[in-house]
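Please keep the sequence and the model in view while reading.

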Amino acid sequence: MFTFLRRPLCRAAAVTGALAVAAVLAVTTAKFAPISPAQPDSTQAARTDQAPLIQEAAANGTGLFPLIGRNKDGRLYDHEPKGTGGFAAKFDLGGGYSGSTLLAQANISNNQTGTDLYVVLDGTLYYTAERGNDTKVLGTGWDKYTLLASVGNMGGTAHPDLLARDTGGALWLYQGKADGTLAARVAVRTSGWNGMDEVTGRGDYTGDGKADVIARSTAGVLYVYPGSGTATAEAVFANTRYTVPANTGLAWKDYTALVSVGDNDGDGKPDLLGVDSAGALWLFKGTGSATAPFGARTQIGTSGWTAYNLLF
């Protein structure tokens, strides 16, 4: 049995503010032992209020979002965007997440400027808002999913949605609601998505005003799946997918992680981030073109990013 701890994520208004762990569950076994949130240490810059940079998401989900990483010890770290490309020094959100099989962030609370968490633990999906709500149990049976991604507003409502892939390779859309709960799932594709090892997307990559998805195949091919703007079964994506051309530097298959946190450089177009095998972080600036959605890569982190086993 779980006992829920109310530990809201709350952006610090002063440098003395500590950031509490979101969605941490206290349990009676040693399997999942929450750790109290830590104050920034001497290696961390004081975390200032980044709320002006975390813009309210547009209708297609494009905005400026933090990058959250989980290390091998189950601790989460928040990297706040600078607004012109890159991130400020990390801030320790606390531990206890090693048992979480799936994690995603979404901007739902506080007029869609909050950094809220969806967490799957022991097959149960939990939602915790940064401000204003307690942790909610959204449902059981989520151990049938092998991937969870927050992809902005894919279905045409006012709130960001989730994509989930099941063990059989089917992809499902869960439309988000204002309270963090989810509508009934809609089939995006009924098979074939076990052939993708990265699925991400936080905005419109094709320039048509609708949120899209970026996916990499296990063979290393990167695709853009344009959104249709509807939550119609088997029609969440448009009929045509686009192959993303090879970028300068490494081939797409050689990045250990690919993730989008929206418009990282503040130019109004969503970007893509990649981590290479040496642990460097690269920014691929969005162009708004379906056939060439990213410009040449720019290094925005020198090392250490392979310490995370999950970036979202």
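Which strands each supply at least two residues of the lining of the largest pocket? They are β6 (100-106), β10 (145-150), β14 (196-203), β18 (257-259) and β22 (308-311), where strands (E, at least two residues) and helices (H or I, at least four residues) are DSSP runs numbered from the N terminus.

## Basis of the model

The model is predicted, so that local features need pLDDT of at least 70 and side-chain atom pairs count only at pLDDT 80 or more, whereas totals for chains, interfaces and linings use all residues. Residues are numbered from 1 along each chain as its sequence is written, and side-chain values use heavy atoms, with hydrogens and water left out.

## Overall composition

The protein has one helix and 22 strands. Of its 312 residues, 55% count as buried, a class that means under 20% relative accessible area, with exposed set at over 50% and partly exposed in between (1.4 Å probe, protein chains only). Among contacts (heavy atoms within 4.5 Å) between residues at least 6 apart in sequence, 49% join residues at least 24 apart.

## The largest pocket

The volume of the largest pocket is about 560 Å³, and 31 residues line this pocket, those closest to its centre being E198, V199, L310, L311 and F312. On a 1 Å grid over the protein atoms alone, a pocket is an open set of points where a 1.4 Å probe fits, with protein on both sides within 12 Å along at least five of seven lines, and lining residues have an atom within 4 Å of a point. Grid points are joined across faces, edges and corners, and the volume is the space filled by probe spheres set on the points.

Strand β14 contributes the largest share of the lining, six residues. By class, the lining comprises 17 nonpolar, nine polar and five charged residues, where Ala, Val, Leu, Ile, Met, Phe, Trp, Tyr, Cys and Pro count as nonpolar, Asp, Glu, Lys and Arg as charged, and the others, Gly among them, as polar.

## The sheet that contains β6

Four strands form an open sheet in the order β6-β7-β8-β9, with antiparallel pairing; two strands pair if DSSP finds at least two bridges between them. Because β6 and β9 (136-139) stand at the edges with a single partner strand each, one side of each has no neighbour in the sheet. From one strand to the next the twist averages 25 degrees, with axes fitted as lines to C-alpha atoms and angles running from 0 to 180 degrees between N-to-C directions. Strand β6 pairs with β7 (residues 116-121) over six bridges in the antiparallel sense, and A106 stands opposite D116 in β7.

## The sheet that contains β10

A further open sheet has four strands in the order β10-β11-β12-β13, again with antiparallel pairing. Its edge strands, β10 and β13 (186-189), each pair on one side only, and neighbouring strands are turned by 30 degrees against each other on average, direction ignored.

Strand β10 and β11 (residues 162-166) pair over five antiparallel bridges. S150 has L162 of β11 as its bridge partner, while A149 stands opposite L163. Five of the six residues of β10 are buried.

## The loop residue G288

G288 lies in the loop between β20 (281-286) and β21 (294-301) and is partly exposed, with a relative accessible area of 26%. Apart from neighbours within four places in sequence, G288 is in contact with Y205, T206, G207, K269 and P293. G288 and G268 are 20 residues apart in sequence and, C-alpha to C-alpha, 9.2 Å apart in space.
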